[in-house]
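Please read them with the sequence and the coordinates open.

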Amino acid sequence: MKEKILAFVHHLLIYDYILFGVAFTLFLLFIILAILLRNRLGIATFFVLLGFTFLVAGPTVGYIELHKYLFKNSTKLISQKKLNFVDAIVVHATLSNESKFNFTECKVVATVYKSTSNRLKNYIYKIKPLKRSALILHNIPKGTTREFKLFVEPFRYSKEYNLTLGASCR
């Protein structure tokens with residue numbers, strides 16, 4: 001757990017620190033307003049709740065949306081093939097850097113789910129996938145597309161399945 005926290009703090013950007021500072025400043029502003037308006041209990045309570053909402057939800061939602069905007073990317077599945085003599089799937093795909101920054105590292109994850117004709121079951125199957133496989137790509141300049149191959153192994157499922165790709169970059 002300590003390693004994950006240290007890795008998270010190590011990869012923070014200046015934009016993240018600005019976001020956290022703004023959220024904390026708004027929290028303090030709303031608490032000060034609540035103290036000044038302490039004679040009006042309803043408004044003071046509203047400002048305290050609003051302050052704590054900005055303290056908790058601001059950095060969380062802001063971090064997610066900021067990184068979606070700063071590190072925008074797209075993955076495109078070109079082909080997938082289940083191998084006959086080896087328990088594996090070969091995935092051939094591309095990763096495009098659509099942001100204004102160069103990526104130093106991208107973690108591409110291929111996830112395999114069971115597939116049925118029932119929409120509810122498909123939703124439940126996405127919660128617990130059959131198999132996940134990850135690949136880390138390095139140094140992707142802005143505006144470029146990189147092709148890659150990824151192996152999902154061991155994969156022994158013989159019925160219908162769906163494969164999705166996703167990438168998180170920095």
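1. In helix α3, the residues Ala44, Phe47, Gly51, Pro59, Gly62, His67 and Leu70 are buried (buried is under 20% relative accessible area, exposed over 50%, partly exposed in between, with a 1.4 Å probe and protein chains only). The buried residues of α3 pack against α2 (14–36), where contact means heavy atoms within 4.5 Å. Helices (H or I, at least four residues) and strands (E, at least two) are DSSP runs, numbered from the N terminus.

2. A word on the source. This is a predicted model, in which local features need pLDDT of at least 70 and side-chain atom pairs count only at pLDDT 80 or more, while totals for chains, interfaces and linings use all residues. Residues are numbered from 1 along each chain as its sequence is written, and side-chain values use heavy atoms, with hydrogens and water left out.

3. Helix α3 covers residues 41–70, which is 30 residues. From first C-alpha to last it reaches 41 Å, close to the 44 Å expected at 1.5 Å a residue (the expected span is 1.5 Å times one less than the number of residues). There is a kink of about 35° at Ala57, shortly before the proline Pro59; the bend is the angle between axes fitted to the seven residues ending at a residue and the seven starting there.

4. How many salt bridges does a search of the whole structure find? The search finds three, a salt bridge being a side-chain nitrogen of Lys or Arg within 4 Å of a carboxyl oxygen of Asp or Glu. One of them joins the side chains of Glu65 and Lys68 at 3.6 Å, N to O. These two are three residues apart in helix α3, so about one helical turn separates them. Glu65 is partly exposed at 43% relative accessible area, and Lys68 is exposed at 53%.

5. Another salt bridge is formed by the side chains of Asp87 and Arg156, at 3.3 Å, N to O. This pair links distant parts of the chain, 69 residues apart: Asp87 is in the loop between β1 (73–82) and β2 (89–97), and Arg156 in the loop between β5 (145–152) and β6 (161–169). Asp87 is partly exposed, at 35% relative accessibility, whereas Arg156 is exposed at 63%.

6. Arg170 and Glu105 also meet through their side chains in a salt bridge, at 3.4 Å, N to O. Here too the pair links distant parts of the chain, with Arg170 in the segment after β6 and Glu105 in strand β3 (residues 103–114), 65 residues apart. Arg170 has a relative accessible area of 35% and Glu105 one of 25%.

7. Strand β2 is mostly covered, with eight of its nine residues buried. β1 and β2 form a hairpin with six residues between them. Lys81 has Val90 of β2 as its bridge partner, and Ser96 stands opposite Thr145 in β5.

8. The largest nonpolar core has 20 residues (a set of buried Ala, Val, Leu, Ile, Met, Phe, Trp, Tyr and Cys residues joined through side-chain atoms within 4.5 Å). β3 gives the most to this core, with five residues. Val91 is among the residues with the most contacts inside the core. Not counting residues up to four places away in sequence, Val91 touches residues including Leu77, Phe148, Val152 and Leu163.

Technical notes. Two strands pair if DSSP finds at least two bridges between them.
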